[in-house]
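The following exercises are to be worked with the sequence and the model at hand. Each task is followed by a solution in steps.

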Amino acid sequence: MTSRRDRLMPVFFTCALVLVTGCATKQEFVPTQAAETPVIARGRELFNDVKLSADGKWSCATCHPNHGHTNNKSYVGLDVVADGDPKGRSTPTLWGAGTRQAFSWAGTAPSLQANIRGIIVNRMKGPEPAPATLDALEAYVRSLGYPPNPNLNADGTPAGAAPAAAKRGYAVFMRAGCQACHVPPSFDKKEVEDVFSGGKFKVPSLRVVSSTAPYFHDGRFATLEETVRFMWEYVQKAGTTEKLTEKDMLDLMEFLRIL
């Protein structure tokens, strides 16, 4: 007959594992998706197809797992490099890509489809994709929305359910002029900008920004706080007369975290 201690050991082990790994409390966010038409279904298959790459090892989903999100790595070509490498480019999320105003970090791709083609041909070194392939991939990527967000209204303002700090942070966001470049509700803009980061680059969307580290085109900042403080220094150098307290900065970060 087993003792009470023996019967409880699996329970103790499971609880310890949860405390160490956090695996039982980790939440996977899944984007909302448009109804899957045949062309979207075909695009999803192609998105996961390694035959798009020259060596048959890479698919779009390699760098954009979890339904087109980001693997949070920086690359030169297909080589993973250290975050902050000036030649590296951090992997953006494709959630909400259909609402974006600029594509590619350089902001030079004239359209989403042109950007997709450029990645296949220039980075994955794959063969020239057929028009039907590009149409299907674009349809799939455009079908990827953002996860349901009870804290955010459709116009980008905090919803009633949002934490008080986030609501105050939205007021700071507007007062500090952040919306001049991160235009709601997509929180990006079409034109490229030079924020003293090494050249002109697209203004990335701030949607789901809390899960898209590392930040900036080269992934130089590991945390959202580092990024926000760098950007506020830039705004000050650009000549703003606005003053933010430490509490304002913390509230601003809380607003960004609900996006």
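**Exercise 1.** Determine how the axes of helix 2 and helix 6 cross, and which residues make the contact.

*Solution.* Step 1: the axis of helix 2 (residues 38–47) comes within 7 Å of that of helix 6 (residues 131–142), and the two cross at roughly 95 degrees. Axes here are lines fitted to C-alpha atoms, for helices over the stretch in contact, with angles running from 0 to 180 degrees between N-to-C directions. Step 2: helix 2 is therefore roughly perpendicular to helix 6, a term that covers 65 to 115 degrees. Step 3: helix 2 contributes V39, I40, R42, G43, R44, L46 and F47 to the contact, and helix 6 contributes T133, D135, A136, L137, A139, Y140 and V141; contact means heavy atoms within 4.5 Å. Step 4: sorted by class, these are nine nonpolar, two polar and three charged residues. Ala, Val, Leu, Ile, Met, Phe, Trp, Tyr, Cys and Pro count as nonpolar, Asp, Glu, Lys and Arg as charged, and the others, Gly among them, as polar.

The model is predicted: local features need pLDDT of at least 70 and side-chain atom pairs count only at pLDDT 80 or more, while totals for chains, interfaces and linings use all residues. Residues are numbered from 1 along each chain as its sequence is written, and side-chain values use heavy atoms, leaving out hydrogens and water.

**Exercise 2.** State the strand order of the three-stranded open sheet and identify its edge strands.

*Solution.* Step 1: the order is 2-1-3, with antiparallel pairing; strands pair if DSSP finds at least two bridges between them. Helices (H or I, at least four residues) and strands (E, at least two) are DSSP runs, numbered from the N terminus. Step 2: strand 2 (79–81) and strand 3 (89–90) are the edges, each pairing on one side only. Step 3: strand 1 (residues 74–76) runs antiparallel to strand 3 and is joined to it by two bridges. S74 has S90 of strand 3 as its bridge partner.

Key. Parallel < 35°, antiparallel > 145°, perpendicular 65-115°, else oblique.
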